[in-house]
Amino acid sequence: MIRGCVQYENNLLGFVRMTREELRSIRRDMHYSMADFGVLLGIPKTTLQRYEDGSAAIPDELAQKVVVAQRKDRDFMESVRVETREWVNRMFPHGIPADYK
């Protein structure tokens, strides 16, 4: 299951159905403003607002874009975590000294 989402429902064509709450939660978990998330998805901020407030249905194709963006974000954050841990282990092979500032 993907972080920030209860469960995605796949329809017969393999697209993803997403609720407005899931969309908002994912955007917030990724720390995007509405304007920036709209740019990422290729839609105007006002369209994203309508999806999040429930006044417009979220197209399956857009939900799929959101899932892909979320996976890329998660994979990137994991790579940063791994690279940071490796760097710390190289710099401090015996652990970080208690007096290190």
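Helix α3 is followed by Gly-54, whose phi is positive, near 85°. Helices here are DSSP runs of H or I with at least four residues, strands are runs of E with at least two, and both are numbered from the N terminus. His-31, a residue other than glycine, also has a positive phi, near 60°. As background, most residues other than glycine have a negative phi, and most peptide bonds are trans. His-31 lies in the loop between α1 and α2 and is exposed, with a relative accessible area of 73%. The classes used are buried for under 20% relative accessible area, exposed for over 50%, and partly exposed in between, with a 1.4 Å probe and protein chains only.

The model is predicted, so local features need pLDDT of at least 70 and side-chain atom pairs count only at pLDDT 80 or more, while totals for chains, interfaces and linings use all residues. Residues are numbered from 1 along each chain as its sequence is written, and side-chain values use heavy atoms, with hydrogens and water left out.

As for the overall layout, the protein chain has four helices and two strands, which run β-β-α-α-α-α from the N terminus on. Of its 101 residues, 30% count as buried. Among contacts with a separation of 6 or more, 53% come from residues 24 or more positions apart, a contact being heavy atoms within 4.5 Å.

Helix α3 spans residues 45–53. Its buried residues are Thr-47, Leu-48, Tyr-51 and Glu-52. Seen down the axis of α3, these fall within an arc of 135°, so they line one face of the helix; the arc is that of the directions from the helix axis to the C-beta atoms. In general, an α-helix has 3.6 residues a turn, so residues three or four places apart point the same way. The buried residues of α3 pack against α1, α2 and α4.

What does the side chain of Glu-52 make a polar contact with? Its partner is the side chain of Arg-27, at 2.6 Å. A polar contact is a pair of N or O atoms within 3.5 Å; within protein, one must be able to donate a hydrogen and the other to accept it, and residues adjacent in sequence count only if both atoms are side-chain atoms. Glu-52 counts as buried, at 2% relative accessibility. Leaving aside neighbours within four places in sequence, Glu-52 is in contact with Arg-20, Leu-23, Arg-24, Arg-27 and Met-34.

The packing of α1 and α3 has an angle of about 125°, with the axes 7 Å apart. Axes are lines fitted to C-alpha atoms, for helices over the stretch in contact, and angles run from 0 to 180 degrees between N-to-C directions. The two helices are therefore oblique to each other; angles under 35 degrees count as roughly parallel, over 145 as roughly antiparallel, 65 to 115 as roughly perpendicular and the rest as oblique. Arg-20, Leu-23, Arg-24 and Arg-27 of α1 make this contact with Leu-48, Tyr-51, Glu-52 and Asp-53 of α3. By class, the residues of the contact of α1 with α3 are three nonpolar, no polar and five charged. Here Ala, Val, Leu, Ile, Met, Phe, Trp, Tyr, Cys and Pro count as nonpolar, Asp, Glu, Lys and Arg as charged, and the others, Gly among them, as polar.

The axes of α2 and α3 come within 8 Å and cross at roughly 105°, which makes α2 roughly perpendicular to α3. On the α2 side, Met-34, Ala-35, Phe-37 and Gly-38 meet Lys-45, Leu-48, Gln-49 and Glu-52 in α3. This contact of α2 with α3 has four nonpolar, two polar and two charged residues.

Within α2 (residues 34–41), the buried residues are Met-34, Phe-37, Gly-38 and Leu-41. Seen down the axis of α2, they fall within an arc of 105°, so they line one face of the helix. Their cover includes α1 (20–29), α3 and α4 (60–91). Met-34 counts as buried at 18% relative accessibility. Met-34 and Lys-45 are eleven residues apart in sequence and 5.8 Å apart in space, C-alpha to C-alpha. Leu-40, also found in helix α2, is partly exposed, with a relative accessible area of 40%. Beyond neighbours within four places in sequence, Leu-40 is in contact with Met-30, Tyr-32 and Ala-69.
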